[in-house]
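Hi,

Here is the structure I said I would pass on. Have a look at it first, and my notes follow below.

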Amino acid sequence: MVSALPDLLARTPAAALAALALAMVLALLALFWAERRRRLRAEHAGGIAAGQLRTITASMREGVIAYDMDRQLTVVNPAFERLTGYDAEDLRDQEFLQYVHPDDRPALLAEWERLAGGGSLRDQEYRVVTRTGQVRWCASAWEPLRDEQGRQIGYLGTEFDITERKLAEEEMRLDTEVFQALMEVQQAVAAAGLDSATVMHVIAERSRALTGASGVVVETVEDDMLVPRVRIGVESPQFRVSGSLSGACVSTGELQRSDDVRTDAPIEHDAYQTQGIRSMLVVPLRDDQRIIGALKVVSPTPAAFSDRDAKALRLLGGLVGASLEHAAAYESRHCRLEERTQALQESEQRFKQLVDAAQEGIWVSDDRGVITYVNQRMADLLGYPNGALLGRPVSDFLDATARAGAHRPLSRPEAGGERRDLRFRRQDGTELWVFASASPITGRDGAAVGTVGMITDISDRKRDEERLRRSAERLGVLHDVDQAILAARSPAEIGRAALGRVRRLVPCTRCTVLLFDFPAGQAELIAGFAAGAPLPPATVPMDQLSPGETLWRGAARAIDDLAATESPAPLLQQLRDEGIRSVLSVPLLVESETIGEINLASNAPHAFSAEHRDIAREIAAPLAVAIQQARLREELGRQAGELERRLVERGAALRAATAELETMLYAVSHDLRDPLRHICGFTQLLLDDSGAALDPSVQHHAARIRDGATRMSSLVDDLVHLGRVSRQDLMRRPVDLTLLAEDVVSQLQPQANGREVEWHVQPLLTVDCDAVLVRAALLSLLANALKFTRPRDRAVITVRPIEHQGQAGLAVQDNGVGFKMAYAGKLFGVFQRLHRSDEFEGNGAGLALVQRVANKHGGRVWADSGAQGGATFYLTLGAPAA
């Protein structure tokens, strides 16, 4: 046909050729115009789409960025510009993904081929370097951009600022490390016992390890000095509280630090500079609200201690309250993290309603609750292919236990929406905890036409909550153990109470508490349970448990599989025959001395985890102390019983002696008085009737007989009176001592016999006492004062109030002859006299009566006398003023 064309042209007229050429040109122009119109329409549509995308993303809080297939920037929203600090023009001038941190960019570029092939990039976390050089963390999701024909024309990315979350996670990680370290310190301090030096040494060693310091000093306050008690790795002298860094810490009660002692304010650093020390950190040591010293760490490196070291050391310094403080700080940080997480989730939810590049699982169902759409994230979370979820109710994928209560809220939610934590089941049967929210989709008439829902994976949070729940349950049970131990009395009761709580936390088939008697080589089973039934008390030879050296060392022992153990101890062999596979033994230690152990056994191998061992140790510590205290109580009870028995015996002897005394007093009162009256009477008759006729020597002897009988009668009367006072019941009532003293003075005034006597009765107190007994005592005191002032031309007797050691009473003061203080101890003895009978009459029973009255009231009586004469007698009555 081509070869025939020249012949055709040769035969065709010129006009026809021109027409044909024109037609071909017109056809080409038409084709070009149509292609140009198509391209203009495509560009217009693309411009409209880009404008719509810019409009949609302009008000979003999340950053949005788009590239074409040549990796040229096409769209960036204001949120992305704020995130990076670059405007759109700056970003276009940059290399592809230049805003991503250089260390993170290779990993992202390595995944880009998957995106270029039509795939998606989700859950990408990397750092972004802003214009100012600041580094921020972002989470991104990348999806391919497609045109109307489905061809890929670029890449669309969404960026979420997760810097706060990352900082919170890092802060929580560091705080967790500090908390774990402090828990180890607390355990070490608890193991150190009650020896303060050991405790300080443990704290110093752990402080050094915790902060990486080269030296540690523990100082205590003594007067105005800080005295080093423990020094590790550094020599430290005594410092004054004023003018030293430790003193500033003690005075202010706050942490003090010196990043370079050579450039800091002039304080006493010379002792450290000579040792090459450059930086120090000091925290106060508190005992309740009182600062007792300081804990100091040092280093030869300037600025060696970080804020984390300061925080850890501050917590360590307040070791007593560290657990509660850390718990409060942890809860606060956890709350802030949840708030930030919730804010991030809400932000993600708003974004997911606009674009399909979502990081949360989203589904849409019709008015029957049947799923009509799910995003890829939803399918990935549940482990199903995307299409396998369509046409089924969302409740089909719920855990069976949650299905009944969640079907209606998820398929037909209320107008305000439904939100709750739910448990789903993945295709492989594993558990998936999610936070699910569902909202109704309404038509123009307001009727519900379907449901849009979203799920967020909260499995990690639920695991954390479960760990916290188990920790709370563990603490609650430990508290119950403490309460039960406190309520118990005997070691057996204490052991049963502890084991009853242990079984709630540690699954075991058999559990026992054994107490060791190393000298006897015996172990006493004081409490135990086997298959839920209590075990009777028993005695077991210790060599059947384990070698004595092993038990004496007090180390925990665990056998994960008893069946695989070669040559077990006899008791372990017996347990293996009974089907026991796992055994855990934890010692009971009191001040590092082993007194027994807790044994737990199970039919399953590897039954006891590390957590179970920690629980057993935590229960063993207070249990050992409680059992030791119960032993001390029992020993104290035995000694108290012995003491009570002796008191009963001595009380019986005292009652017998009292009965004999009463019998003697009765005999004195009734059997001696009549003979004495006869002697006095007949002697006086002899003198009266025959006195003149008698020889003078006979008269003298008769007078001596009469005087002796009279004095003996007086002694008998006084002795009977003393006995009555001792036996008389005490009848307390309010007594005005002023009126009582004035009455006694008026009774004694006639005995002055014309002497010049000044009586001074000051206002006295009102006291609860026995008026009859106090009157007798006051009469004796005033009578003595009147008698021993007889040599004075002018006698002065004063009665005044006193209070001594919370007891009210009175004092009688005179200007008489007094007495020598060397003989003051004889004043209140029965029939004790300090003066001759020819100087002053009396038989020495009056002050003995006063002492009995004072003793009967629970008070006391004493006296003093001056060198120039005069005496003062003090009497208290065992009670304060009424």
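Bear in mind that this is a predicted model. I'll start with a pair of strands: β14 (residues 418-425) and β15 (residues 431-442) run antiparallel and are joined by 8 bridges. If you want a spot to start looking, E418 sits opposite A438 in β15. The two strands make a hairpin with 5 residues between them, and G429 in the turn has a positive phi of about 90°.

Next, helix α13, which covers residues 400-411. It has 12 residues and reaches 16 Å from its first C-alpha to its last, close to the 16 Å expected at 1.5 Å a residue. Its buried residues are A402, A406, P409, L410 and S411. These cover an arc of only 150° around the axis, so they lie on the same side of α13. On the face turned away from that buried side you'll find the exposed residues A404 and R408. And what do the buried residues of α13 pack against? That would be the hairpin strands β14 and β15, along with β12 (361-366) and β16 (448-457).

Now for the cores. The largest nonpolar core has 42 residues, and the members touching the most others are L737, W759, L782, I797, V812 and F873. Helix α21 (residues 771-788) gives the most to this core, with 9 residues. Leaving aside residues up to four places away in sequence, V812 touches a list that includes L778, L781, L782, A785, I797 and F873. Apart from this core lies another one, of 30 residues, with I526, L600, A620 and A624 among them.

Cheers

Key. Residues numbered from 1 in each chain as written. Predicted model: local features only at pLDDT ≥ 70, side-chain atom pairs only at ≥ 80, totals over all residues. Heavy atoms only, no water. Pairing = 2+ DSSP bridges. Helix = DSSP H or I, 4+ residues; strand = E, 2+ residues; numbered from the N terminus. Expected span 1.5 Å × (residues − 1). Buried < 20%, exposed > 50% of the residue type's maximum accessible area, 1.4 Å probe, protein only. Arc of directions from axis to C-beta. Contact = heavy atoms within 4.5 Å. Core = buried A, V, L, I, M, F, W, Y, C linked by side-chain atoms within 4.5 Å.
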